[in-house]
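Hi everyone, thanks for coming. Let's have the structure up on the screen, and then I'll walk you through a few parts of it.

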Amino acid sequence: MTGEVRVRVAAARQVAERVRELVLAPVNGTPLPGWTPGAHVDVRLGPDLTRSYSLCSAPDAATWRIAVLEETDGRGGSRHVHRSVAVGDELVTSVPRNDFELVVGERPIVLVSGGIGVTPILPMAAAAQAAGAEWRLLHLARSEAAAAYVDELAAYGDRVVRHVDTDGGPVDLVATLDALGGAEADVYACGPAPLLTALEEYAAARPGARLVVERFAGDGAAVRPGDHAFVVEIADGTEIPVAADQTVLDALTGAGIRVLSSCQEGVCGTCETVVLEGEPDHRDHVLSDEERESGEMMMPCVSRCRGARIVLDL
Ligand code: FES
């Protein structure tokens, strides 16, 4: 992890069903690095266990805050946060990184959060409010018990519209977004994949909407039918074969080459690796169009190689 930050768990509490909040304080009085709304940090939870979490405190606060949904079918990171991390523990994180930056300009802003997707949205709401922007928030949850930070958002009055599925089923997304002015707004959304897919369809049908999303999970595109085998070469010349049904990350790990990773679904950016030669087949949701075009970086957890060989700076 480049740019490590040591933090101490200063407080922990349950903020919704299966959602645990941790307050992270600086160690030895060293102030925490600055960040902007939408940023996340990678938290090292064990020797091979690193996970990315959005910062959901106020960016100018002396402490950081993260909130983690316990995923029963996950790969262990959220369970560790819920069951093993205690107040007083020290953790190591990355410096904050932002792939979901809020831009407050002249256009109205509509924020959309689904479930634990509220975490990056909270500081965005605070920033939009502080900047005097025209903004609204649609806060979606499966049930009242699962809805996090309801009290905090209540301070914004009718700028926040809430919906829980247990109140008559899923939200009518199109009608609700139209009513909030989404058709002519910058729409920032974080939540489960079906919600983001529905928002992409909404934005495609409303040319005045500009959609920016943060994903929890990728689209399972790491390995597709018809993918070919290729070779990854690392900086010392070692060649590692990648089978057609294998990810680059798996091939590297199998060869004993450690690459820091977190989501392993192309959404967090933790595994970003410099490409020295060869053409990446990008399948992540992190890089911008310009970054993809440059071919200088790739996410080996999902992205592949267009040709027979790619050289990575590892
Ligand atoms: S591990 Fe998250 S993008 Fe690769």
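Let's begin with the buried residues of α2: Val118, Thr119, Pro120, Ile121, Leu122, Pro123, Met124, Ala125 and Ala128. By buried I mean that 20 or more other C-beta atoms lie within 10 Å of the residue's own; exposed means 12 or fewer, partly exposed is in between, and the C-beta atoms are placed from the backbone. Helices here are DSSP runs of H or I with at least four residues, strands are runs of E with at least two, and both are numbered from the N terminus.

Before I go on, please keep in mind that this is a predicted model: local features need pLDDT of at least 70, side-chain atom pairs count only at pLDDT 80 or more, and totals for chains, interfaces and linings use all residues. Residues are numbered from 1 along each chain as its sequence is written.

Back to α2, which has 13 residues and reaches 18 Å from its first C-alpha to its last, close to the 18 Å expected at 1.5 Å a residue. That expected span is 1.5 Å times one less than the number of residues in the helix. Just after α2 comes glycine 132, with a positive phi of about 70°.

What does α2 lie across? Helix α2, residues 118-130, lies across β7 (109-114), β8 (135-141), β10 and β11, and runs at about 155° to β7. Contact between two residues means that their C-beta atoms, placed from the backbone, lie within 7 Å. For the angles, axes are lines fitted to C-alpha atoms, for helices over the stretch in contact, and angles run from 0 to 180 degrees between N-to-C directions. Helix α5, residues 193-205, also lies across β7, β8, β10 and β11, running at about 165° to β11.

Five strands make an open sheet in the order β9-β8-β7-β10-β11, with parallel pairing. Its edge strands are β9 (160-164) and β11 (210-215), each of which pairs on one side only. On average, neighbouring strands of this sheet are turned by 15° against each other, direction ignored. Two strands count as paired if DSSP finds at least two bridges between them.

Look at β7 for a moment. Six of its six residues are buried, so β7 is largely enclosed by the rest of the structure. Ile109, Leu111 and Ser113 point one way from β7, while Val110, Val112 and Gly114 point the other way. β7 and β8 run parallel and are joined by six bridges, and valine 110 stands opposite arginine 136 in β8. Over on β10, residues 186-191, the pairing with β11 is parallel too, over six bridges. There, cysteine 190 stands opposite glutamate 214 in β11.

A second sheet is next. This open sheet has six strands in the order β4-β3-β6-β1-β2-β5, and the pairing is antiparallel. At its edges stand β4 and β5 (64-69), each with a single partner strand, so one side of each is left without a neighbour in the sheet. Neighbouring strands here are turned by 40° against each other on average, direction ignored. Strand β1 (residues 4-16) and strand β2 (residues 19-26) run antiparallel and are joined by eight bridges. Valine 7 stands opposite proline 26 in β2.

Two backbone spots deserve a quick look. Most residues other than glycine have a negative phi. Arginine 18, in the loop between β1 and β2, has a positive phi of about 65° although it is not a glycine. Is arginine 18 exposed, partly exposed or buried? With 17 other C-beta atoms within 10 Å, arginine 18 is partly exposed. Tyrosine 149 sits in the loop between β8 and α3 (150-154), and its phi is also positive, near 60°. Tyrosine 149 is buried, with 20 other C-beta atoms within 10 Å.

Finally, the domains. The protein chain is divided into domain 1 (4-94), domain 2 (109-215) and domain 3 (230-312), with bounds from an automatic or database domain assignment. The centres of domain 1 and domain 3, taken over C-alpha atoms, are 27 Å apart. Four residues of domain 1 are in contact with five residues of domain 3. On the domain 1 side, the largest share, three residues, comes from strand β4 (residues 49-54).
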